Amino acid sequence: MSDQSWPLWEVFIRTRNGLAHRHVGSVHAVDATMALHAARDTYTRRGEGLSVWVVPSASITASDPADKDMMFEPTASKIYRHPTFYEIPDEVGHM
Amino acid sequence: MYTQALNTQDSAPVAKSDPQADSRFQARVDAEEKIEPNDAMPEAYRRTLTRQIAQHAHSEIVGMLPEGNWITRAPSLKRKAALLAKVQDEGGHGAYLYAAAETLGTSREQMEEQLLSGAAKYSSIFNYPTLTWADIGIVGWLVDGAAIMNQIPLCRCSYGPYARAMVRVCKEESFHQRQGYEIMIALCKGTPAQKQMAQEALNRWWWPVLMMFGPPDKDSLHTESAMRWKIKRFTNDELRQKFVDATVPQGHFLGLTFPDPALKFDTTTQHWNYGEIDWAEFKRVVAGDGPCNRQRMKQMRAKHTDNAWVREAANAYANKRRQRAAAMPIAAE
């Protein structure tokens, strides 16, 4: 087959100003311009967005879920990082 | 439903399973944790989901054909715009679903290849013809209505990317059903000939629509594992009954009669009882011998070949731009 497969792009959309761009899915496209058009047609047919980002999927470095204990466990023991760790008398009121 | 043809034995060799890993996985599913793309999962789960999501995607894409058939002949500009938007949505749904299936490790090209070679299936419903404009009303009201019934519980499917795709699809599907029912209302309030056209379309589609939910539970091969893995939340028969209960009053509101003499409301169970479904017909259509199977496959293959130049041109253009961009800094020096 003469088809050369088209690279995969991850699509992020800002639904309105004040919100962060959020991952919504992916598209196949030969280049960034085509990826933007495909993302617009696929993910914003009903005014879902004000801004679109497309990122080549291959450019994303992700943590391995199998390593999640090693990655995230160290924070579990640091309960002193949370405000509720500290005792404040009720009389002081909300702080 | 759109994945009813899953009811066949998977002929691929059985993957080795690791009982300890499988039970850790099941514990996560039981705790209603979502499974995400790179998480460990049993090979059978991955394979079942890939087949299910791909079949679902293929159904969306093939489903564009019976409706696309009426775009140029829609009776008004309003109906034409709505139908065009709906067919575009179906293409979009196919795209969300292919993207979800790809996260399981099968490429879009592989899935497309499996559809074109006939190795992968799509919903039996799209092998029936849309003979009159009333069929377009029926497809929206009943085919999309049945799809919604099936897809709402899929929004809670254990596999994250599939569940998220379903949320998007369900939001859009509601417009499809309502525009279809509105077509039916217009026909049923129209001339006697229009009303008759609506009745005949219902007569043609009612039984094939009930078959969309797949074989009865007693004959369903994969219900047990799909329920255990929380891919499915309700069995085929449960969803079919919900659909019949919701739809029959809507048909009566239109003044139409369902082509089932056994259809009767049971006051004790508060459900509509319906007659025996012709499962031999269902098997024939899934096996490839429905009224339009050959035509649909021919159209899909022709589309793939006829559009090859678009894919080639896009690649050539992107390559040329990359080469130019690479040559630029040298020219500037």
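Tutor: Buried area is the accessible area, taken with a 1.4 Å probe, that two parts lose on being put together, summed over both. Before we use it: this is a predicted model, where local features need pLDDT of at least 70, side-chain atom pairs count only at pLDDT 80 or more, and totals for chains, interfaces and linings use all residues. Residues are numbered from 1 along each chain as its sequence is written, chains are lettered from A and ligands numbered from 1 in the order in which they are written, and side-chain values use heavy atoms, leaving out hydrogens and water.

Student: How much area do chain B and chain A bury between them?

Tutor: The size of an interface is often given as the accessible area lost when the parts come together. Here chain B and chain A bury about 1900 Å², with 45% of it on carbon and sulfur atoms. In terms of contact (heavy atoms within 4.5 Å), 25 residues of chain B meet 20 residues of chain A.

Student: How many salt bridges does the rule find across this interface?

Tutor: A salt bridge puts a side-chain nitrogen of Lys or Arg within 4 Å of a carboxyl oxygen of Asp or Glu. The rule finds 5 between chain B and chain A. B:Glu172 forms a salt bridge with A:Arg45, their closest N and O atoms being 2.9 Å apart.

Student: Which classes of residue make up the side of chain B that touches chain A?

Tutor: Ala, Val, Leu, Ile, Met, Phe, Trp, Tyr, Cys and Pro count as nonpolar, Asp, Glu, Lys and Arg as charged, and the others, Gly among them, as polar. That side of chain B has 12 charged, 7 polar and 6 nonpolar residues.
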